[in-house]
Amino acid sequence: MVSSSHEAMHRIFQDHPGLFSGVSEVLGVDFAPPTSVTVLPTDLTETRPLERRVDTLLRLETEEDEPILLAVEAQGRRDPDKPANWAYYASYLLAKYRLQPMLLVVCQDRATAEWAARPVRFGPPQWPLLTLRPLVAGPHNMPVLTDPADVRKDLALATLSAITQAANPDIGAILKAMTNVLRDTPAVLANPIVELIAQGLGTYPAADTWRKLVAVDLSFYKSPLSEELRDEGRAEGRAEGEARRAAEDVLDVLAERGIAVPEEVRERVVGCGDPDTLRRWLRRAVTAPSADAIFADE
């Protein structure tokens, strides 16, 4: 299983092809909901030895308009070479499929999203040959959904929103709203979303929040990732419980010996999460002449 946030930001469109309609509506662009979707090969390599691949490529059919080709690119940072690559993708797709191409760039930080959204002109300044204007979805324009009722309206859009809002200060409430809805969602739909969000949050601190929420709120789901999350959650719970009991033992020994424990010492002991350190302090607490002496040489 690929674990990168890059994978999740575009793969969600393969798993939920109708998502583009919801995203385009949020971005203020009118694209009709597709009546059928075809996942196309992402290889855009020519016969010469230069490999080019778009992240996700979909053919969207609608009832009224002509089909379009939707290329989805997940972009993690500014890359000066990307606009030229994207322009190549659009030209190649138009030439190969004879259908109008559309590019959606998905980002997790605002600076990258604003960079990707800038129109880029190709050609001499006195007569630009073409202009590249991708649609961009990122934390600046994706909805912040903290109400389960809003999440339930469009679960795929809510999933993408949670991924793009990975650095949002309200990410805890966003993810909690997701688990509230997923708790009542059939496992066949919920499990892939659990994994997509875990992948999408990548190395952001929110990834740990999600893992803990899944372990507690979604404990009845069965999937490789959810099992892994629950195992980790149980291990973390055991470690926290062991550390809490060890801290209580240190303070109890000092109290039994009649040694006053200043508040700063109590806070340091209670705040320590390392069982090995606490065991060392416990041994010292048996003979230490004062409470702070248990920290000798540290």
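Predicted model: local features only at pLDDT ≥ 70, side-chain atom pairs only at ≥ 80, totals over all residues.
Tutor: Residues are numbered from 1 along each chain as its sequence is written, and side-chain values use heavy atoms, with hydrogens and water left out.

Student: How many helices and strands are in the protein chain?

Tutor: We go by DSSP runs, numbered from the N terminus: helices are H or I with at least four residues, strands are E with at least two. On that basis the protein chain has twelve helices and seven strands.

Student: What share of the residues is buried?

Tutor: Buried means under 20% relative accessible area, exposed over 50%, and partly exposed in between, using a 1.4 Å probe and protein chains only. Of the 298 residues in the protein chain, the buried share is 43%.

Student: Which residues of helix α1 are buried?

Tutor: Helix α1 covers residues 5–15. Its buried residues are covered by elements including α2 (19–26), β2 (56–61) and α8 (187–201). The buried ones themselves are A8, M9, H10, I12 and F13.

Student: How many disulfides does a search of the whole structure find?

Tutor: A disulfide is a covalent bond between the sulfur atoms of two cysteines. Here the test is a pair of cysteine sulfur atoms within 2.5 Å. C107 is buried at 0% relative accessible area, and C272 also counts as buried at 15%. The number of disulfides found is zero.

Student: How many aromatic pairs are there?

Tutor: Rings of Phe, Tyr and Trp (its six-membered ring) pair if their centres lie within 6.5 Å; planes under 30 degrees apart count as stacked, over 60 as edge-to-face and the rest as tilted. By that rule the count is five.

Student: Which helices hold W86 and W115?

Tutor: W86 and W115 make a tilted pair, 6.0 Å centre to centre with 55° between the planes. The pair ties together parts 29 residues apart in sequence, because W86 lies in α3 (residues 82–97) and W115 in α4 (residues 110–117). Both W86 and W115 are buried. So the helices are α3 and α4.

Student: And is the pair of Y88 and Y89 stacked or edge-to-face?

Tutor: Y88 is buried at 16% relative accessible area, and Y89 is buried at 5%. Ring pairs link Y88, Y89 and Y92 into a cluster. The Y88 and Y89 ring centres are 6.3 Å apart with planes at 70°, so the pair is edge-to-face.

Key. Contact = heavy atoms within 4.5 Å.
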